[in-house]
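Work through these exercises with the structure open beside you. Try each task before you read its solution.

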Amino acid sequence: MKKYLAGFILCYFSFTVMFGQQLLIPIEEQGLKGVMDSKGIPVIKPKFRNLGMFANGLAPARIAGHFGYIDNTGTWVIAPTYDMAWSFEKEVAVVFKKSKPYLINSKGELLFDHDYTKLIPIPDSPYFKAFGTDSKISIIDKEGDVVNNISWDRVRALGARYLLCSKDNQLALLAKQTGKELFGLGEFEYIRSLQGGLFEVTPMDTDEDWVVNEKGEHLFSLKDKPWDFLYGNTGRFSEGLAVVKLNGNSSDEKGIGIVSLEGKLLLTTTKFTNVLPFTKGVSFAQLKDGTWRLINKHGKYVSDHGYEEISYDKNRNGLPYMNDVALVKGNGIWQMIRLDGTRIKEFKNLDMEVYDCYRYSDLICFEGIEKMNNVLVLWSTKTQSYTKLTNVLSVMSLMNGQLLMIDQKEKLSYVNSLGKIIRSVPEKRTTRVNAVLNIDYMRRANAIAASPELPKYSGAGGWASSENMYRPWKGKLVKNQQRLQVLLNADTLNGSKKIDKGLSLQIVNAAKDTLFFDAQDSRIPLVLQAKTTKGEWKAIEYQPSSWCGNSYHTLFLPYLHYWEFRVPRYEGAIKTVVRARLRYKESLGGPVKEVYSNEVPASINPAQFWYKKTYFPTGLMDSYDN
């Protein structure tokens, strides 16, 4: 289950907005987007291929190939002339023409010209990251003026209030809201947030670490301390306290402690192996037997209850309490408890393994597995009632959690902040490679193939498994074609007549020798290209890259054998032709060569030549980040 937009919904589609007293909520039906009110009645009927967040009374939208901006009636206010358009933020919006970004106002006027390749709004800040042709990053305001007149090598958020910037391997800390330099460039060689405006730093040319505030004022040194900060969310200050590991080979050997803002040990104990961040003076401590107990800041038990499990948001701030309630498991039953440990609600009928817990507005959400089924439970802190949803694939927050859009395999459900389903829309699924796709981004190439592991090829068959094994070719070879033939065909697949609305693609080895292919997790280097309006061939798909060495291997294809794939047929505003490009080798260590398929008529949208959507890894074993 994923807490972000599912793959079949475009990344813009995330808004809810108030116009006067009217609450506008996004809806999607059969791939088209529109807007409904809080009663589930459509206000703008689904007709847009893409629809973004309303802000400044406008939302970016696309019906054909280009984006413009509509008002709350669905009327165009800024004409659709952009390859891509983002929602208004800070009273300006980022739009793209021929892949170049610009800032516009609500009248559609360009605010300034420039030579940047990317303009990215910085969250919780009035500024933008502007990337030059040399990949250097400037921080600019909406007028295009550069903050601090420095070109950075890297800029990233450090919590909600700060930017950590680097230049020539030197660090600086900036305030997000003002752009003010808090820690000067080169003042510290290491900076880590401890939350609450505190930082662990290593000053230049020293061998000790300090704890400082955001003004850079020295609070205490970590040198010769009998403890070390725990890494992760538990090793940061919360309510003026931080959990530390007493010096030893492990936390079990000498125990853990709690330190103050002055670096003084307030508590040491060998009884606990972990303590979570504090909320209003209480937290959970884990004993050596794995049991969790509720404690106060002095390490005293707050209640007599022990718990087998504590569900908390491990991926964010590590706080177990949300809206002053926590989800725990005691005596085999999941339950909600208050700060003093008193029980609010028992979920006696829930027999599920909970693997994540988080809060959206007044809803406490916990995900898990129940009888091999993805389950989402929504508990309302207002009504103290809960809703259980099954077959959940993804959860998306709208209007800062006031509404959730939940993908349940066969339908999209819209749930309000009380946990009540206000609308459900049936979703007819299509296999993407068998469909006509009208999209505005580069698709990830996904030609998955297989070959057996043979000793003479040093295990060239690869690591990741695939059932798409090569087969003997019994058809005719194309005369006067390359030794490796790539056949793109709209009419047949594996000898059968028309297959859905997609295309079939065969890779046939006619070289009278084995050919080899560099692969990543059984994905061979095959991408589709389209011809631009200038007659140039450019990729409309991209090959993702893995950071894991085990992803990389080699596949091979013997003489007169073939692989077969299904690929989508693209539909858009620009009439063109597409072809497939394949890279291969004639020997294991030989040079890479390229071969192209025949051309097939198609139509695409302009952003398919350059725009790559943000990719979210599906878990710890997903080694791809693009």
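**Exercise 1.** Which residues does Ser87 touch, not counting residues up to four places away in sequence?

Solution. The model is a predicted one. Step one: list the contacts. Ser87 touches Gly52, Met53, Pro60, Val92 and Ala93, with residues up to four places away in sequence left out. Ser87 sits in the loop between strand E9 (84–85) and strand E10 (93–97). Step three: check its side chain. The side chain of Ser87 reaches the backbone nitrogen of Met53 at 2.9 Å. Step four: decide whether Ser87 is buried. The relative accessible area of Ser87 is 15%. Buried means under 20%, so Ser87 is buried.

**Exercise 2.** Describe the protein chain as a whole.

Solution. Step one: count the elements. The protein chain has one helix and 57 strands. Step two: look at burial. Of the 626 residues in the protein chain, 52% are buried. The accessible surface of the protein chain comes to about 29,300 Å². Carbon and sulfur atoms hold 48% of that surface. Step four: look at the contacts.

**Exercise 3.** Find the residues that touch the most other members of the largest nonpolar core.

Solution. Start with a general idea: in soluble globular proteins, nonpolar side chains tend to be buried together. Step one: find the core members with the most contacts. The largest nonpolar core has 65 residues. Tyr69, Leu484, Phe517, Ile524, Trp563 and Leu582 touch the most other members. Step two: find the main contributor. Strand E55 (residues 574–584) gives the most to this core, with five residues. Step three: take one member, Ile524, and list its neighbors. Not counting residues up to four places away in sequence, Ile524 touches Ala447, Ala449, Ile507, Phe517, Asp518, Gln543, Leu555, Trp563, Phe565 and Leu582. Step four: look for another core. A second, separate core has 16 residues, including Leu327, Trp334, Phe347 and Val375.

**Exercise 4.** Which residues make the nonpolar surface patch of about 220 Å²?

Solution. Step one: name the residues. Leu477, Tyr559 and Leu560 make this patch. Leu560 is in the loop between strand E52 (552–557) and strand E53 (561–567). Step three: classify it. Leu560 has 30% relative accessibility, so Leu560 counts as partly exposed.

**Exercise 5.** How many salt bridges are there? Examine three of them.

Solution. The idea is simple: side chains of opposite charge can pair when their charged atoms come close. Step one: give the count, which is 22 salt bridges.

Step two: take Glu214 and Arg161. Their side chains meet in a salt bridge of 2.8 Å, N to O. Glu214 lies in the loop between strand E21 (210–213) and strand E22 (218–221), and Arg161 in the loop between strand E15 (154–158) and strand E16 (162–167), so the pair ties together parts that are 53 residues apart in sequence. Glu214 is partly exposed at 27% relative accessibility. Arg161 is partly exposed at 46%.

Step three: take Arg583 and Glu594. This salt bridge is 2.9 Å, N to O. Arg583 is in strand E55 and Glu594 in strand E56 (residues 593–596), 11 residues apart. Arg583 is partly exposed at 34% relative accessibility. Glu594 is partly exposed too, with a relative accessible area of 38%.

Step four: look for shared partners. Salt bridges that share partners join Arg343, Glu346 and Lys348 into one network. Within it, the closest N and O atoms of Arg343 and Glu346 are 3.2 Å apart. Arg343 counts as partly exposed at 43% relative accessibility. Glu346 counts as partly exposed at 24%.

**Exercise 6.** Is Met442 buried or exposed? Then find what surrounds it.

Solution. Step one: read the accessibility. Met442 has 8% relative accessibility, so Met442 counts as buried. Met442 lies in the loop between strand E43 (436–437) and strand E44 (443–444). Step three: compare sequence and space. Met442 and Trp610 are 168 residues apart in sequence. Their C-alpha atoms are 6.5 Å apart in space. Step four: list contacts, not counting residues up to four places away in sequence. Met442 touches residues including Ala539, Ile540, Tyr542, Phe609, Trp610 and Tyr611.

Terms used: Residues numbered from 1 in each chain as written. Predicted model: local features only at pLDDT ≥ 70, side-chain atom pairs only at ≥ 80, totals over all residues. Heavy atoms only, no water. Helix = DSSP H or I, 4+ residues; strand = E, 2+ residues; numbered from the N terminus. Buried < 20%, exposed > 50% of the residue type's maximum accessible area, 1.4 Å probe, protein only. Polar contact = N/O pair within 3.5 Å; in protein donor to acceptor, adjacent residues only side chain to side chain. Contact = heavy atoms within 4.5 Å. Core = buried A, V, L, I, M, F, W, Y, C linked by side-chain atoms within 4.5 Å. Patch = residues over 30% accessible without salt bridge, like charges linked within 9 Å, V, L, I, M, F, W, Y side chains within 5 Å. Areas by Shrake-Rupley, 256 points an atom, 1.4 Å probe, with all protein chains shown as cover. Salt bridge = Lys/Arg side-chain N within 4 Å of Asp/Glu carboxyl O.
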